[in-house]
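Welcome! Take a moment to look over the sequence and the 3D picture below. Then follow along as we walk through the parts one by one.

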2 protein chains.
Amino acid sequence: MGGKQYLLTPGPTPVPPQVLAALAEPILHHRSPDFTPVYESCLTRLREVFRTTQEVLLFAASGTGAFESAVQNLVVRGEPHLVVSAGNFGERWATLTRAYGADVDHLRYAWGETPDPDDVRARLRERDAKAVWLVHSETSTGVVADIEALAAVAKEAGALVVVDGVSSLGAVPCETDAWGLDVVVSGSQKALMTPPGLGMCAVSQAAYAGVGDTPRFYFDWERTRKAQSTLDAAFTPPVSLVAGLDVALGLLLDEGLDAVFERHVRLGRAARAGAKAMGLELFSPDEDRSAVVTAIRAPDGIDAGAVVKGLRDRHGITIAGGQGDLKGKIFRLGHIGFFDVFDITTALAAVELVLASLGADIERGVAVTAALEAYEHSSSAAA
Amino acid sequence: MGGKQYLLTPGPTPVPPQVLAALAEPILHHRSPDFTPVYESCLTRLREVFRTTQEVLLFAASGTGAFESAVQNLVVRGEPHLVVSAGNFGERWATLTRAYGADVDHLRYAWGETPDPDDVRARLRERDAKAVWLVHSETSTGVVADIEALAAVAKEAGALVVVDGVSSLGAVPCETDAWGLDVVVSGSQKALMTPPGLGMCAVSQAAYAGVGDTPRFYFDWERTRKAQSTLDAAFTPPVSLVAGLDVALGLLLDEGLDAVFERHVRLGRAARAGAKAMGLELFSPDEDRSAVVTAIRAPDGIDAGAVVKGLRDRHGITIAGGQGDLKGKIFRLGHIGFFDVFDITTALAAVELVLASLGADIERGVAVTAALEAYEHSSSAAA
């Protein structure tokens, strides 16, 4: 189809036109005086968004690559680690830490559950861990964990805290320094409103002190930290993506991080209100922290894959289906980054049309209004 | 300065406007039917440019990252490997293979020398090697090695052949299959005329058979091969860069690889002829294989860094200085990728101006003409 296209997935996410324009600028040499100010601005803004005074290490890699940097630097074969999972990405980090020989205690919740700090405390009483590996926003389920509370428990037990902030950073509060998070990993392609290809990693002094001797080169923290400290890069950086990220971070900081977080809370409320008004059952928790992605159960007898396909083929709208065991059972609306309420109403209106055409028993004509009201009501509530 | 800017370094290299335009297109989801044909086209074209029937693995990473994939997959602690180096990048691969515990026999030439197949044969007679690690185009010196001959010697001894083709692939012939190269690593930001951020790796069946159990995840060949075989990606790919690379590869294949190689040979001849006409001494070998970057010695008493700075500050032209011990002694003109002869004459004219202003004793008014003649003469010679 040749019509308008809408990207409403939880990553990659839509990129603002100013960022796309920056990507189309002629290439700058990474060691030229033209690029250095862009690089410096980008690294400074990253620290602001991560809310840390530490250097945020920037890698040409996906979020998983940046996460692997944490594993390569911190995991030494045989050392005990606690991995907390409640969905696809948590499971990936368990696999990844095990691939490097970590002796993994796996606190494994069913997909969609919310990790409980008391469970983490109990595990750490039974067995020490060098680090606790946490997922902030589990993109596969819509659950946003209470990282502040989980981190506090880990710190209490003397463990390092490593956080997957790939889909959370810049969408919901993530106070790297104030919450004592030792490592926060993120990626360019979610709330940071930039194409995929950049992974980043904030690293505390305690985490540097915990670095082991597992072989590594490209993802070695110290090599990248040292290069960045003189505004150099250890390896040729993706200059176009860095220039785009700098523009995107500028947009985020101009709006103000707190305003950005509030917008995401309201978008989440709008998405959930609309889905419920239609008579759909939420898979995401119906609470304000769930401000990143809204997962919705397909009605009985309806394949969620058919909903995703219908939106795509008939309306040019890309949303996400379920992963793993949730395939066919849920569909997911992303609202991370460059989103406003009309993206939510567009998604809901199209979901309503497609579900109706699939013969689902849903309430017609109420979702969009419910979403707008939830969005506006949130606004006055916050004032 | 606000004037025109010229990027004439050996990487990152200038990117054609059609590629920049592709980078500014709205983001496509990597699993959407809109992206799949772009991805398939890009992977198919990569195989054509690598001249291989094997899958070319694509990573969100710099060239060094893709090279590290070869190390992580092939190097097992304690196994013997032969690393051949004659410059900055060869030295890097010696460091990288050692970082993973390889028992490295280092055939180490002075920077600027050309590796000799007889030396490789002699080393392999003394000691077996699981793999021989070679640099095709040593960007730090301008030397392009005779990879076909070096690889033949390695195959004769039963070793795998790993080639750093980062600055050579798409500029000079690199016959992956015909020459029996087991691994060829490259990057997007050189002759492939795309911004930095994509690393790639062609892998032979013999190389897959030699894969060891060193811990890895992101750069695991099998994980990426398996995903690509169904046109999926193991991790969110940098969709914008992939779309750009697809356009760039299309330009390369439309021109025809043999025509592209011939253009590079002529560009190299032009650069060398111009430099010699001015009375400058070449650091790059004065032979047709040196078609990637031309390294030139600064005249006695002149700091090569001042030449680089003069071109940049006074004329908006970015060229490269020397690396390592060659810092201050040489400057380097890149002509990889989106270059024609007028880029060479621009560089030579500006070098002439800057050297004259620095008081160098050079011949004035002849370099541009000599370059154009060498370029044209090459043309008739090739006809």
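Chain A is divided into domain 1 (17-255) and domain 2 (256-382); these bounds come from an automatic or database domain assignment. Before going further, some reading notes. This is a predicted model, in which local features need pLDDT of at least 70 and side-chain atom pairs count only at pLDDT 80 or more, while totals for chains, interfaces and linings use all residues. Residues are numbered from 1 along each chain as its sequence is written, and chains are lettered from A and ligands numbered from 1 in the order in which they are written.

## Two domains and two chains

The centres of domain 1 of chain A and domain 2 of chain A, taken over C-alpha atoms, are separated by 28 Å. Where do the domains meet? In chain A, 25 residues of domain 1 are in contact with 24 residues of domain 2; two residues are in contact if their C-beta atoms, placed from the backbone, lie within 7 Å. On the side of domain 1 of chain A that touches domain 2 of chain A, strand E7 (143-144) and helix H9 (239-255) of chain A are the elements that give two or more residues. Helices (H or I, at least four residues) and strands (E, at least two) are DSSP runs, numbered from the N terminus. H9(A) gives the most to this side of domain 1 of chain A, with three residues. By class, this side of domain 1 of chain A has 12 nonpolar, 11 polar and two charged residues. Here Ala, Val, Leu, Ile, Met, Phe, Trp, Tyr, Cys and Pro count as nonpolar, Asp, Glu, Lys and Arg as charged, and the others, Gly among them, as polar.

Now for the two chains. 41 residues of chain B are in contact with 42 residues of chain A. Helix H1 (17-23), helix H3 (63-74), helix H4 (88-99) and helix H9 (239-255) of chain B each supply at least two residues of the side of chain B that touches chain A. That side of chain B has 25 nonpolar, 15 polar and one charged residues.

## A sheet with helices on it

In chain B, seven strands form an open sheet in the order E2-E10-E9-E8-E5-E3-E4, and the pairing is mixed. Two strands pair if DSSP finds at least two bridges between them. Strand E2 (56-60) and strand E4 (103-108) of chain B stand at the edges, each with a single partner strand, so one side of each is left without a neighbour in the sheet. From one strand to the next, the twist averages 20 degrees. Strand E8 (residues 160-164) of chain B and strand E9 (residues 183-187) of chain B pair in the parallel sense over three bridges, and B:Val162 stands opposite B:Val183 in E9(B).

Helix H2 (residues 35-50) of chain B lies across E2, E9 and strand E10 (198-203) of chain B, and runs at about 115 degrees to E2(B). H3(B) packs on the sheet too, touching E2, strand E5 (131-135), E8, E9 and E10 of chain B, and its direction makes about 155 degrees with that of E9(B). Axes are lines fitted to C-alpha atoms, for helices over the stretch in contact, and angles run from 0 to 180 degrees between N-to-C directions.

## Helix against helix

Two packed helices are described by the angle between their axes and the distance between the axes. Here are two pairs.

| Helices | Angle | Axes |
|---|---|---|
| H5(B) (residues 117-126) and H6(B) (residues 147-156) | roughly 15 degrees | come within 9 Å |
| H3(B) and H4(B) | about 40 degrees | 10 Å apart |

H5(B) and H6(B) are therefore roughly parallel to each other, whereas the angle makes H3(B) oblique to H4(B). Angles under 35 degrees count as roughly parallel, over 145 as roughly antiparallel, 65 to 115 as roughly perpendicular and the rest as oblique.

Which residues of H5(B) and H6(B) meet? B:Pro117, B:Val120, B:Arg121 and B:Leu124 in H5(B) meet B:Ala149, B:Leu150, B:Val153 and B:Ala154 in H6(B). This contact of H5(B) with H6(B) has seven nonpolar, no polar and one charged residues. In the other pair, B:Phe67, B:Glu68 and B:Val71 in H3(B) meet B:Trp93, B:Leu96 and B:Thr97 in H4(B).

## A backbone detail

The peptide bond from A:Gly11 to A:Pro12 is cis, with omega near -5 degrees. A:Pro12 is found in the loop between strand E1 (6-7) and helix H1 (17-23) of chain A.
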